Amino acid sequence: MRKLHVLFKREELDPARLAGKVVIVLDVLFATSTIVHAFGQGIRHVWPARDASDALRIAGNLDSPLLAGEYLARGLPGFGPATPLALATAGLHGATLVYATTNGTVALGDAAGAAHVYVGALLNGRALVEHVVREHPEASVLVVCAGSANRFNLEDFYGAGHLASHFDAQGGYALTDAAIAALLLYRGCAAGTALGASRVGRLMRDNDHQAEVDCAARMDCLDVVPRLQDGCLQLVAA
């Protein structure tokens, strides 16, 4: 039987064990939520970068891309904001974005050797799981919580539980203990409570950015499925 497993942080990801796997990367506050939200706003392509210098290198080969990102929760000079609502004000429809973050975009790069790599969030959980079940019916799935600089993040694990609930409802997956633990957290706690209690959630609230957390806490409201291919994120065909 195909398996569903969850990694607690991106540093646990072993590139040597990715062959044939479907990988879903989660960075709920905020990288993957921002990416999913941007596609919901009509962005065309997102190029994940490992850091600011990598972003500038990628941008140099593109035609007038937008630049956005953060490092250790601080904005990057000359880059747009890294959070969903703030970035959306840049006018994303039809645009190409080069996006660098401390954890989420690095996790996407680390997972690139898998057979299929997708971007997950609370925002697109149902659509993403339905796509994976339909398009990869025999494959095991690895959910990678980005975490934060080698630390466990509550919000990512909650997001993994949200995805696990959808996979469990579909049937046919053997959940590992880590996936079951995420599912139990999800079933026992509301999204706003979990995200608000997290370290990043509290930091955002204390800096008057609660609306960004509330945006990321919305569940199954976007039917977008971003997939990584040749270093670039694009929507899968409907």
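Predicted model: local features only at pLDDT ≥ 70, side-chain atom pairs only at ≥ 80, totals over all residues.
Helix α9 contributes four residues, the largest share, to the lining of the largest pocket, where helices (H or I, at least four residues) and strands (E, at least two) are DSSP runs numbered from the N terminus. Residues are numbered from 1 along each chain as its sequence is written, and side-chain values use heavy atoms, with hydrogens and water left out.

**Pockets**

- The largest pocket has a volume of about 660 Å³; on a 1 Å grid over the protein atoms alone, a pocket is an open set of points where a 1.4 Å probe fits, with protein on both sides within 12 Å along at least five of seven lines, and lining residues have an atom within 4 Å of a point.
- Of the 32 residues that line the largest pocket, Glu70, Leu72, Ala73, Arg74 and Met204 are the closest to its centre, and the elements giving two or more residues to this lining are β4 (66-71), β5 (74-75) and α9 (199-206).
- By class, the lining of the largest pocket holds 14 nonpolar, 12 polar and six charged residues, with Ala, Val, Leu, Ile, Met, Phe, Trp, Tyr, Cys and Pro counted as nonpolar, Asp, Glu, Lys and Arg as charged, and the others, Gly among them, as polar.
- The second largest pocket has a volume of about 240 Å³, and of the 13 residues that line it, the closest to its centre are His5, Leu7, Arg17, Lys21 and Leu142.
- Two or more residues of the second pocket's lining come from each of β1 (2-7) and β8 (141-145), with β1 giving the largest share, three residues, and the classes are five nonpolar, three polar and five charged.

**Packing of α6 and α7**

- Helix α6 (residues 154-170) and helix α7 (residues 177-187) pack at an angle of about 100 degrees with their axes 7 Å apart, which makes α6 roughly perpendicular to α7 (a class that spans 65 to 115 degrees).
- The contact, meaning heavy atoms within 4.5 Å, involves residues of α6 including Leu154, Phe157, Tyr158 and His162, and residues of α7 including Ala178, Leu183, Tyr186 and Arg187; its residues divide into 12 nonpolar, three polar and two charged.

**Aromatic pairs**

- Five aromatic pairs are found in the whole structure, a pair being rings of Phe, Tyr or Trp (its six-membered ring) with centres within 6.5 Å.
- The rings of Tyr158 and Tyr186 have centres 5.3 Å apart and planes at 55 degrees, so this pair is tilted (planes under 30 degrees apart count as stacked, over 60 as edge-to-face and the rest as tilted).
- Tyr158 in helix α6 and Tyr186 in helix α7 are 28 residues apart, and their pair links distant parts of the chain.

**Backbone features**

- The peptide bond from Leu29 to Phe30 is cis, with omega near 10 degrees, and Phe30 is found in the loop between β2 (22-26) and α1 (31-40).
- Asp208, although not a glycine, has a positive phi of about 60 degrees and is found in the loop between α9 and α10 (210-216).

Terms used:
Axes fitted to C-alpha atoms, helices over the stretch in contact; angles between N-to-C directions. Parallel < 35°, antiparallel > 145°, perpendicular 65-115°, else oblique. Points joined across faces, edges and corners; volume = space filled by probe spheres on them.
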